[in-house]
Amino acid sequence: RGATSASEIIVHGRVRDAHQVEVTVEGRPASVSAGEFYAFRVPIAAGPNTLSAVATDEAGHTASATVSVTRDTTAPAPPTAVEVQLLAGTGTATICGNAEPGTSVLVVVGESSRAAVAGADGHWCAALPVSEGDTEVLATTEDRAGNTSTTVVSPLDTSPPRAPSVNAVASPTRRRAVVLYGFSEPSAVVQ
């Protein structure tokens with residue numbers, strides 16, 4: 001049982017007496033060896049499929065079994081609401097977002113990757129190292145059939161801010177105070 005996005009699959013199973021039996025899967029002959037059979041390139045249609053394997057012995061007696069497989073070619077929704085939080089001074093980022101519940105999510109930044117699974121509420125998080133020069137986050141969902149969808153978050157700013165320029169001016173009130181003013185990158189915190 002399962003799901004796949006492939007149009008052809010391999011069907012595998014076991015037989016009790018491999019020397020005296022022939023096996024067909026959906027009418028196609030299967031290879032039988034050491035108590036196992038393999039049918040290669042068995043075509044399946046989109047949607048649910050029930051495949052039959054029939055074993056025939058030398059006397060012409062038959063036994064059959066079925067297996068269900070679904071061909072799913074619909075990609076899952078891509079991750080949404082992807083947010084990146086850089087943890088200052090650690091070289092690490094926490095990346096969170098939403099996806100279809102139960103789907104696996106692969107998060108890639110530069111040469112680093114981490115896997116996460118969307119919970120029942122669809123929320124997922126992954127923490128991974130980032131390096132200066134990493135410019136984007138790729139978040140890819142994959143469903144149980146192997147279909148994928150990707151969201152790209154760009155630009156990712158991993159560079160430290162430029163040093164602020166600071167000018168000091170003596171206080172006009174002649175108290176021993178100094179007023180500082182200057183310029184920095186937008187949204188940077190100056191301490």
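This note goes through the predicted model point by point, from the whole chain down to single residues.

1. **Basis.** The model is predicted, so local features need pLDDT of at least 70 and side-chain atom pairs count only at pLDDT 80 or more, while totals for chains, interfaces and linings use all residues. Numbering starts from 1 along each chain as its sequence is written, and side-chain values use heavy atoms, with hydrogens and water left out.

2. **Overall make-up.** The protein has 17 strands and zero helices. Both are DSSP runs numbered from the N terminus: helices are H or I with at least four residues, strands are E with at least two.

3. **Burial and surface.** Of the 191 residues, 29% are buried. Buried means under 20% relative accessible area, exposed means over 50%, and partly exposed lies in between (1.4 Å probe, protein chains only). The protein exposes about 12600 Å², an area from the Shrake-Rupley method with a 1.4 Å probe. Carbon and sulfur atoms supply 51% of that surface.

4. **Contacts.** A contact means heavy atoms within 4.5 Å. Among contacts with a separation of 6 or more, 49% are between residues 24 or more positions apart.

5. **The disulfide.** The structure holds one disulfide, a pair of cysteine sulfur atoms within 2.5 Å. Cys-96 is joined to Cys-125, with S to S at 2.0 Å. Cys-96 lies in strand β10 (residues 92-98) and Cys-125 in strand β13 (residues 123-129), so the bond ties together parts 29 residues apart in sequence. The torsion about the S-S bond is about 110 degrees, so the disulfide is right-handed. Are its two ends buried or exposed? Cys-96 is buried, at 17% relative accessibility. Cys-125 is partly exposed, at 40%.

6. **β9 with β10.** Two strands pair if DSSP finds at least two bridges between them. Strand β9 (residues 80-87) pairs with β10 over six bridges, in the antiparallel sense. Here Cys-96 of the disulfide has Glu-83 opposite. The hairpin of β9 and β10 has four residues between the strands. Gly-89 there takes a positive phi near 75 degrees.

7. **β6 and its partners.** Strand β6 (residues 36-43) runs antiparallel to strand β2 (residues 8-14), joined by six bridges. Glu-8 stands opposite Pro-43 of β6. Strand β5 (residues 31-33) also pairs with β6, antiparallel, over three bridges. Val-32 has Phe-37 as its bridge partner in β6. Two residues separate β5 and β6 in their hairpin. In that turn, Ala-34 has a positive phi of about 50 degrees.
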